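Take a first walk through this structure.

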Amino acid sequence: MKQKLLFKNAMSKLLVLSCFLLFNASFGANFFSRATGNWNTNTTWAATQGGAALAAGSVEGTNFPGPNDVVYITGSHIISINIPLARCQNLFFGFYYCIYNE
């Protein structure tokens, strides 16, 4: 009986953890171009339109857009793809919807 209860408790915790990880991985952030630059350079991106550059670093999804993120290339900014795989969930140019990645 005690083993069955421990197994149920462990399975419940595993289910909650799995749901959290799945939910957390499905939603990304918004990245707005703030200047012409490379895809993986933090100073190319801001968290809000017209905002400050993101923190320095090289973490996809934090310092530059990743596979779950929404990217807005605004103004006349030119973004160079300087890495083998530049990924995002949605890509917008100005106010026009361009690419949707399912």
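**Around Asn63**

Leaving aside neighbours within four places in sequence, Asn63 is in contact with Phe31, Thr41, Asn42, Trp45, Leu54, Ala55, Ala56, Gly57 and Ser58. This is a predicted model. Asn63 sits in the loop between strand E3 (45-46) and strand E4 (70-73). Is Asn63 buried or exposed? Asn63 counts as buried, because its relative accessibility is 4%, under the 20% cut-off.

Now turn to the rings. The structure holds four aromatic pairs. Trp39 is buried, with a relative accessible area of 4%. Trp45 is buried too, at 0%. A second pair, Tyr72 and Phe92, is stacked: 5.0 Å centre to centre and 10 degrees between the planes. This pair links distant parts of the chain, with Tyr72 in strand E4 and Phe92 in strand E6 (residues 90-93), 20 residues apart. Tyr72 counts as partly exposed at 21% relative accessibility, whereas Phe92 counts as buried at 17%. Ring pairs also link Phe31, Trp39 and Trp45 into a cluster. Phe31 and Trp45 are among the contacts of Asn63.

How far can the model be trusted? The chain has a mean pLDDT of 79, and 67% of its residues reach 70 or more. Over residues 16-25 the pLDDT stays under 50, and the model has one contact beyond four places in sequence for them. Residues 96-100 are also below 50, with eight contacts beyond near neighbours in sequence. Where pLDDT is low, the predicted coordinates should not be read in detail.

Terms used:
Residues numbered from 1 in each chain as written. Predicted model: local features only at pLDDT ≥ 70, side-chain atom pairs only at ≥ 80, totals over all residues. Heavy atoms only, no water. pLDDT = per-residue confidence, 0-100. Contact = heavy atoms within 4.5 Å. Helix = DSSP H or I, 4+ residues; strand = E, 2+ residues; numbered from the N terminus. Buried < 20%, exposed > 50% of the residue type's maximum accessible area, 1.4 Å probe, protein only. Phe/Tyr/Trp six-rings, centres within 6.5 Å; stacked < 30°, edge-to-face > 60°.
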